[in-house]
Amino acid sequence: MAQTPCRLALQLGLDVSDSVDSREYRLQLDGLATALLDSEVTLALLAIPDLPVALSIFEWSGQGARRLLLDWKLIRNETDIFEVADQLKRTSRGDMSVSTGLGNAMLYSAKRFSTAPACPRQVLDISGDGKNNDGPRPQDVHASLPEHMLVNALVIGPNLNGAVGARARETEDLVAYFRAYVLRGPEAFVEVAIGYEDYSDAMRRKLLKEIQVLTLSDFLPATRGPGE
């Protein structure tokens with residue numbers, strides 16, 4: 001047990017490029033806070049007190065533009081969750097690049113995992129509402145990521161009620177892009193938010209999928225039966 005202080009190192013990477021206006025920025029951070037405080041998410045986070053989830057949160061935009069909002073924090077109780085949510089609600093927007101550097105955000109996350117607690121699972125949960133347009137492409141950085149690093153995505157599509165034709169297919173196209181070039185690992189998946197108004201609900205669904213409740217036996221060495 002001493003060699004496994006946590007069961008999951010989870011990084012949340014939030015898109016704050018120029019496509020995200022001030023209202024959407026607030027919906028994103030407050031929505032994440034609300035998702036973390038959800039009763040089901042709280043139960044999942046605290047399901048194995050001796051093997052907590054290690055959480056870290058950062059913002060990203062263009063090449064070289066990142067801001068760390070939360071360094072690695074072991075979530076051991078409800079107070080820890082309340083503190084993270086409160087910090088998110090009190091965070092104001094900083095000066096960031098206007099472009100979208102998905103590949104660089106993934107590389108930054110990989111470096112951050114080198115400072116994480118020794119958890120058996122490493123997951124980057126990256127949110128985005130657009131394709132890479134600055135720095136290395138996401139498909140070109142996969143080989144530079146840690147071998148067991150999983151990358152999931154929360155795609156924020158435009159809220160286009162009544163749209164037809166190409167406009168109606170914007171979300172579908174963005175989801176296909178993230179599936180093809182951003183996701184990494186056999187368990188990787190995309191969650192979709194229809195507009196930033198849906199961000200909190202989409203993040204809640206995503207967190208519940210990522211915080212897999214494992215039994216203690218999954219972290220203990222296998223024992224041999226009699227005569228083996």
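At what angle do helix H1 and H3 pack, and how far apart are their axes?

1. Basis of this note. The model is predicted, so local features are reported only at pLDDT of at least 70 and side-chain atom pairs only at pLDDT 80 or more, whereas totals for chains, interfaces and linings use all residues. Residues are numbered from 1 along each chain as its sequence is written, and side-chain values use heavy atoms, with hydrogens and water left out.

2. Overall organisation. Seven helices and six strands are present in the protein chain. Helices (H or I, at least four residues) and strands (E, at least two) are DSSP runs, numbered from the N terminus. Along the sequence, these elements follow the pattern β-α-α-β-β-α-α-β-β-α-α-β-α. Of the 228 residues in the protein chain, 51% are buried. Here buried means under 20% relative accessible area, exposed over 50%, and partly exposed in between, with a 1.4 Å probe and protein chains only. Among contacts (heavy atoms within 4.5 Å) with a separation of 6 or more, 81% are between residues 24 or more positions apart.

3. The pairing of H1 with H3. Helix H1 (residues 22-37) packs against H3 at an angle of about 170 degrees, and their axes are 8 Å apart. The axes are lines fitted to C-alpha atoms, for helices over the stretch in contact, and angles run from 0 to 180 degrees between N-to-C directions. H1 is therefore roughly antiparallel to H3; angles under 35 degrees count as roughly parallel, over 145 as roughly antiparallel, 65 to 115 as roughly perpendicular and the rest as oblique. The residues of this contact comprise ten nonpolar, no polar and three charged. In this division, Ala, Val, Leu, Ile, Met, Phe, Trp, Tyr, Cys and Pro count as nonpolar, Asp, Glu, Lys and Arg as charged, and the others, Gly among them, as polar.

4. Ala85 belongs to helix H3 (residues 78-90) and counts as buried because its relative accessibility is 2%. Apart from neighbours within four places in sequence, Ala85 is in contact with Ala33 and Leu37. Its C-alpha atom is separated by 7.7 Å from that of Leu32, 53 residues apart along the chain.

5. The nonpolar core. In soluble globular proteins, nonpolar side chains tend to be buried together. A nonpolar core is a set of buried Ala, Val, Leu, Ile, Met, Phe, Trp, Tyr and Cys residues joined through side-chain atoms within 4.5 Å. The largest such core has 66 residues, of which Ile57 and Ile126 touch the most other members. Strand S5 (residues 149-157) gives the most to this core, contributing seven residues. Beyond residues up to four places away in sequence, Ile126 touches Gly13, Trp60, Leu102, Ala105, Met106, Val151, Asn152, Ala153, Leu154 and Val182.

6. Asp125 is part of strand S4 (residues 122-128) and counts as buried because its relative accessibility is 0%. The side chain of Asp125 makes a polar contact of 2.6 Å with the side chain of Lys206. A polar contact is a pair of N or O atoms within 3.5 Å; within protein, one must be able to donate a hydrogen and the other to accept it, and residues adjacent in sequence count only if both atoms are side-chain atoms. Lys206 is also joined, side chain to side chain, to Glu210 by a polar contact of 2.6 Å. Glu210 lies in helix H7 (residues 199-210) and, at 1% relative accessibility, counts as buried. Excluding neighbours within four places in sequence, the contacts of Glu210 are Leu8, Leu10, Arg121, Val123, Asp125, Asn152 and Phe189. The C-alpha atoms of Asp125 and Gly13 are separated by 6.1 Å, although 112 residues apart along the chain.

7. Two further helical positions. Asn104 lies in helix H4 (residues 102-113) and counts as buried at 11% relative accessibility. Arg179, by contrast, is found in helix H6 (residues 170-181) and counts as exposed at 53% relative accessibility. The C-alpha atoms of Arg179 and Val190, eleven residues apart along the chain, are separated by 7.0 Å.
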